[in-house]
Amino acid sequence: MAAVAQLRPPEHVTPHDLVTYSRCPYEMELLHSRHASLVTGQPVMARTPPNVIPLRHSPLFTPPNLGVVVNDGRLDVGPDDRLVYEDEGEADLPILFAEEQVRVDARYRAPNATLIDKVLGLSGRPDFVIQRRSGEFVPVEYKSTHMFVGYHESHGRTFDVIQAIAECRLVHSAFGSRPSHGIILYGDVAGDGQHEGWVQIPYGDAEERWLHAALTQIRTDDTRAPVPAERNCTNCAPNKDGLCRYAAARSMDTYHPSPGWGPNHF
Ligand code: SF4
C-alpha cells in the first residue's frame, strides 16, 4: 500500500517574524531555532548553511505603501468607539478609552489572547483592537517613540507597514471582517505631546496579496542569509548572545549570553 503523505502544518510566523526577516533573514532563523530548542529541549540547528554568502539586503520585497496617511497629534478616538482587545501582557500601554468604552471580547482574554490565523499559519498580538462606531475593527500598534520626520523617505518605517498589514490579517481572522486599515500610534508625549502622531496604513487586496507572497518567500527560503549592517546588527538579539559570526557591529557591553545558550550552541 502506498505510504500516505503527511501534510505538515506551515511554519509558524508572527508579525514580528515578518519584520525581522525584512531586516535580516538569518536573525529570524536564529530566533526560530532558539525557540525550537527551548520548546523541544534539544539543540535545533539553524537551516542557514555554514558557507552562506551574506546579502546586502533582505530578499523580502517591499510592501505596498500607497495611501499611507500620516497624522500629527492624538489618535481620534470617539465616544462611540470601543476597545475590544488589548494585549494584557504588554506593559506600559497608554489608556486610550474611558472605562465605559472598554468591552474586551471574552474570547481573546488570557490565556487565549494570541490571535491565530490557521489558514495562513500566522499568529500574534496587536497592542489594541478598536471597534469604530461604524462597526469596523482596527488594529493599533503602539510605539513609545516619536514620529519620524519625513516618514515617506527611503529610511521610513517600512517595518511599521509590514506589522500593520500582518495585524490587519489577524483581526480579519479573529473578528470576521476585514479592516480597511491598521494604525501605528506614536505615543511620545514629550514636549507637551508635540511628538505624538499616528499613521494609517491601508489594508486591501494588494496588501493581502503581498502578505501571502511574503509568507511563501519566508517559508521557501532555505538559506535565510545574514544581512550584516550596523543598522541591523546593533540591536539584534542573537548578536547580543554572541550567536552571529557575520555581525557588522558588536558591543562587548551588550554580550550577555542567555543561560545555556551561547556561541558554541551551533
Ligand atoms: S548580527 Fe547582523 S547579520 Fe547577524 S543575525 Fe543579527 S542582524 Fe543578522
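View 1. Of the protein's 266 residues, 45% count as buried (under 20% relative accessible area; exposed is over 50%, partly exposed in between; 1.4 Å probe, protein chains only). This is a predicted model: local features need pLDDT of at least 70, side-chain atom pairs count only at pLDDT 80 or more, and totals for chains, interfaces and linings use all residues. Residues are numbered from 1 along each chain as its sequence is written, and side-chain values use heavy atoms, with hydrogens and water left out. The secondary structure comes to seven helices and eight strands (DSSP runs numbered from the N terminus: helices are H or I, at least four residues; strands are E, at least two). Take contacts between residues at least 6 apart in sequence: 66% of them join residues at least 24 apart. Contact here means heavy atoms within 4.5 Å.

**View 2. The largest nonpolar core.** A nonpolar core is a set of buried Ala, Val, Leu, Ile, Met, Phe, Trp, Tyr and Cys residues joined through side-chain atoms within 4.5 Å. The largest one has 37 residues, and L18, L122, F175, W210 and L211 touch the most other members. Elements that each supply at least two of its residues include α1 (15-23), β2 (82-86) and α5 (205-220). The largest share, 10 residues, comes from α3. A second, separate core has 12 residues, among them I130, V138, V140 and Y142. In soluble globular proteins, nonpolar side chains tend to be buried together.

**View 3. F175 and its contacts.** Which residues does F175 touch, not counting residues up to four places away in sequence? They are V84, Y85, D105, R107, Y108, V129 and F137.

**View 4. Helix α1.** The buried residues of α1 are P15, D17, L18, V19, T20 and Y21. They pack against α2, β4 (122-124), α3 and α5.

**View 5. The ligand shell.** Around the ligand lie C24, Y26, E27, P226, V227, P228, N232, C233, C236, N239, C244 and A247 (each has a heavy atom within 4 Å of it). By class, this shell has nine nonpolar, two polar and one charged residues. Nonpolar covers Ala, Val, Leu, Ile, Met, Phe, Trp, Tyr, Cys and Pro; charged covers Asp, Glu, Lys and Arg; the others, Gly among them, are polar. α2 (25-40) and α6 (230-233) each supply at least two shell residues.

**View 6. P94 in its loop.** P94 lies in the loop between β2 and β3 (115-117). Its relative accessible area is 23%, so P94 is partly exposed. Leaving aside neighbours within four places in sequence, P94 is in contact with F128 and Y142. P94 and Y142 are 48 residues apart along the chain, yet their C-alpha atoms are separated by 8.3 Å.
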